Amino acid sequence: MSVVPAEILPAEELEDLLARELTSETVRQAGTAAALLGEGDVVDLVERLPPARAALLFRVLPKDRALAVFESLDAGHQADLISALREADVIDFFEQMDPDDRVSLLDELPAVVADRLLSGLEAGERTLTGVVLGYPRGSIGRRMSPELVSVPRAATVEQALANVRAHVLDAETIYTIPVVDHGRLLVGVVGLRRLLASDPQTPIEDVMRPVESAVVTEDAERAARRFLDRKLLGMPIVDHEDRLVGIVTVDDALVIVEEADSEDAARQGGTEALRRPYLSTAVTRLVRTRIVWLLVLAVSAILTVQVLEIFEATLDQVVVLALFIPLLTGTGGNTGNQAATTVTRALALGDVTSRDIGRVLFREVRVGALLGLVLGSLGFLIAGVVYDLQIGIVIGLTLLAVCTMAAVVGGAMPIIAQTLRADPAVFSNPFISTFCDATGLVIYFLIARAVLGL
């Protein structure tokens, strides 16, 4: 039975060690313990620690390992560390990063710090980084790597493999190799496996396949989802004249989609994405991500209060109507949220476009009506038995109307947002809930007045 050496500390104990008062002994122990942890454990620990303590952990790591951990962090954490590390450490890390990763980091930094880091790069690296920085934020060009290996259309397999070997250390990927014609015009791609399996004298033109590419100005999320749908390892990026300018790899596409999904999920919940792990996010930042939506919802909720005030006389005459308000508003909000979430996801995946709004609304009318029919029938039976037939009719008809209305509103809002070039997720679930609450109450009291003769 093997014995674990006493100096080996799990990540949790190392975290506690770094939280103590720092002495030469605790720093030595931290360095020993960190060196024995896996790289993934160190990354997780850095994400949990405050920037000052994370910087200390970086300084006790071997240089190569510290660089690997730094590159594994998201841009937000890298930016936090830069403020805590010595400038010499920062410049060294910055020089070793890929151009696309540098741009993601620069987007998180103050302009003065970003300019200083850029000016410290070698001329060649600064040029490559500037190429990526030149494309609009949110575009796939901003997330591509200009460091790639390509082969001429007129080359042979042997020449192509020699070209790959010459650039194997500095290319973003060698598994998907773009094939170019004169003027770097993209004409196809070839995989490394196909090259290795082919006769050395075979022309590249005979082994290349049709290419799936994206234009540099295309929305990054849309391009990444299309890339992942095709199950590719790499996708060439071209300019508007089909000239090869960069490449996006599968890991880049996964990060883009994960960021987009996190942002959508946060906004649908009435907040903003943190862009970094929860425990290492400052309390003030947590407040900023939530307060705007809470203020919007507080103002919107006034509509519900106004509706109740308008129909106060109706409630005075039939007090039992007040008992069903939570049921009706909750049902309407949930129905709208379900429709909005489904359609927002369909928009993100490209299953639905703005031109499909008519088809979407027709489907949601039917879905909402069927849901309302089921829930309304149940509400009619329960309310009719517990109270009286007229109350049952009011509840049943209201559930039918509210479900239909909420499904239509929830399905329409994301499409309207995209048509207006806004983020569909901005029409978040709390907003839809508030809208459906106010509208549902109006429907409820109008039906009650009609049925009960008030």
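These legends go with a few close-up views of a predicted model.

View 1. Threonine 176 sits in strand β2, which covers residues 176–180. With a relative accessible area of 5%, threonine 176 falls under the 20% cut-off, so it counts as buried.

**View 2. Strand β5, under cover.** Take a look at β5, residues 234–238: five of its five residues are buried, so the strand is mostly covered. Gly234, Pro236 and Val238 point one way, while Met235 and Ile237 point the other way. Both sets are buried.

**View 3. The strands paired with β5.** Strand β4 (residues 214–215) pairs with β5 in the parallel sense, over two bridges. Valine 215 has valine 238 of β5 as its bridge partner. Strand β6 (residues 244–249) runs antiparallel to β5, and five bridges join the two. Here methionine 235 stands opposite valine 248 of β6.

**View 4. The β5–β6 hairpin turn.** Five residues lie between β5 and β6 in this hairpin. In the turn you'll find aspartate 242, which has a positive phi of about 65°.

**View 5. Helix α6, largely enclosed.** Helix α6 spans residues 75–84, and seven of its ten residues are buried, so the rest of the structure largely encloses it. The buried ones are Ala75, Gly76, His77, Gln78, Ala79, Leu81 and Ile82.

Conventions:
Residues numbered from 1 in each chain as written. Predicted model: local features only at pLDDT ≥ 70, side-chain atom pairs only at ≥ 80, totals over all residues. Heavy atoms only, no water. Helix = DSSP H or I, 4+ residues; strand = E, 2+ residues; numbered from the N terminus. Buried < 20%, exposed > 50% of the residue type's maximum accessible area, 1.4 Å probe, protein only. Pairing = 2+ DSSP bridges.
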